[in-house]
Amino acid sequence: MNGKLITLEGVEGTGKSTQIAKLADYLHSKGIDTYTTQEPGGTRLGEEIRRWLLESEHPTSEITELLLFYAARTEHIVQKIKPKLQRGCWVICDRYVDSSYAYQGGGCDIQLDYIAQLNRMAVSVMPDLTILLDMDPKYIWQRLNIATLDRFERENEAFFTRVRQAYLQCAKNNSARIKVVNAEQSIAQVTQAIIEQLEPLVGRHN
């Protein structure tokens, strides 16, 4: 595959959507065909699962929640991500496999071996680069609209502290792929830090 898969990760409020838009603009300026997407989502099934997971008030077990994420991810890979990469497009995805380790593993305490087994079955494409936007969870609610919080955004600080630590452990275990960027900086500083991590890939592409 000639395309590249770039993923952005982090707890709520780290500015992933803003940075994805700026990253797409940067890649377009370099003449690179770029496709942006999100998880869960990207396909009709994925969007339905997204609505259920983020908006539904019906209680769902943590294992069911994990399996729904992987159902959405499998279809996303098959229908969107792999075909785009095979055509040479660079895909930028808001969340991917590391979110499962962080949220369901770290936040919900699901065994990491179980998540790894699902990855082996369902994930046929790993990111070429993952940017982890790192931020102290105490700042989350300063950056979010309290009136429109989804089910995950309503979790408490202790939950997000576990998620953050799981993310940082993922970065430590996968240091060649996952690059940590301080999301407490200004938007412009974060963008510049991301571009610096991306430039080696762009240089090899050109």
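## Close-up views of a predicted model

Helix α4 is followed by D109, a residue whose phi is positive, near 65°.

**Figure 1. D109, in the loop between α4 and α5****.** Start with the backbone at D109, where phi is near 65°, a positive value in a residue other than glycine. Most residues other than glycine have a negative phi, and most peptide bonds are trans. Is D109 buried or exposed? With a relative accessible area of 67%, D109 is exposed, because the cut-off for that label is over 50%.

**Figure 2. The whole protein, for orientation.** The protein is built from 8 helices and 5 strands. Reading from the N terminus, the order of elements is β-α-β-α-α-β-α-α-β-α-α-β-α. The radius of gyration is 16 Å, close to the 17 Å that the globule rule gives for 206 residues, so the protein is as compact as a globular protein of that length. Taken along the principal axes, the C-alpha atoms fill a box of roughly 50 × 35 × 30 Å. Of the 206 residues, 52% are buried. Among contacts with a separation of 6 or more, 79% are between residues 24 or more positions apart.

Figure 3. The accessible surface of the protein comes to about 10,000 Å². Carbon and sulfur atoms account for 47% of that surface.

**Figure 4. Helix α4 and the elements around it****.** Helix α4 covers residues 97–107 and is mostly covered itself, with 11 of its 11 residues buried. The buried residues include V97, D98, S99 and S100, and also Y101, A102, Y103 and Q104. G105, G106 and G107 are buried residues of α4 too. Which elements do the buried residues of α4 pack against? Among the helices, they pack against α3 (62–86), α5 (112–122) and α7 (157–173). They also pack against strands β1 (5–9), β4 (129–134) and β5 (178–182).

**Figure 5. R95, in the loop between β3 and α4****.** Here is another residue with a positive phi: R95 is a residue other than glycine, and its phi is near 80°. The loop that holds R95 runs between β3 (90–94) and α4. Why does R95 count as buried? Its relative accessible area is 12%, and buried means under 20%, so R95 qualifies.

Figure 6. The largest nonpolar core of the protein has 57 residues. L8, L23, L27, Y96 and L198 are the residues with the most contacts inside that core. Zoom in on L23 and look past residues up to four places away in sequence: L23 touches I6, L8, I92, I194 and L198.

Figure 7. P40 is found in the loop between β2 (34–38) and α2 (44–55). A72 has its place in helix α3 and is buried, with a relative accessible area of 2%. How far apart in space are A72 and I49? They are 23 residues apart in sequence, and their C-alpha atoms are 6.7 Å apart.

**Figure 8. A122 and R120, two residues of helix α5****.** A122 lies in helix α5 and counts as buried at 17% relative accessibility. Leaving aside neighbours within four places in sequence, the contacts of A122 are Y70, T74 and I77. K22 is 100 residues from A122 along the chain, and their C-alpha atoms are separated by 30 Å. R120 also lies in helix α5, but R120 counts as exposed, at 64% relative accessibility. The C-alpha atoms of R120 and I110 are separated by 16 Å, and these two residues are 10 residues apart along the chain.

Note on methods: Residues numbered from 1 in each chain as written. Predicted model: local features only at pLDDT ≥ 70, side-chain atom pairs only at ≥ 80, totals over all residues. Heavy atoms only, no water. Helix = DSSP H or I, 4+ residues; strand = E, 2+ residues; numbered from the N terminus. Rg over C-alpha atoms; globule rule 2.2 N^0.38 Å. Buried < 20%, exposed > 50% of the residue type's maximum accessible area, 1.4 Å probe, protein only. Contact = heavy atoms within 4.5 Å. Areas by Shrake-Rupley, 256 points an atom, 1.4 Å probe, with all protein chains shown as cover. Core = buried A, V, L, I, M, F, W, Y, C linked by side-chain atoms within 4.5 Å.
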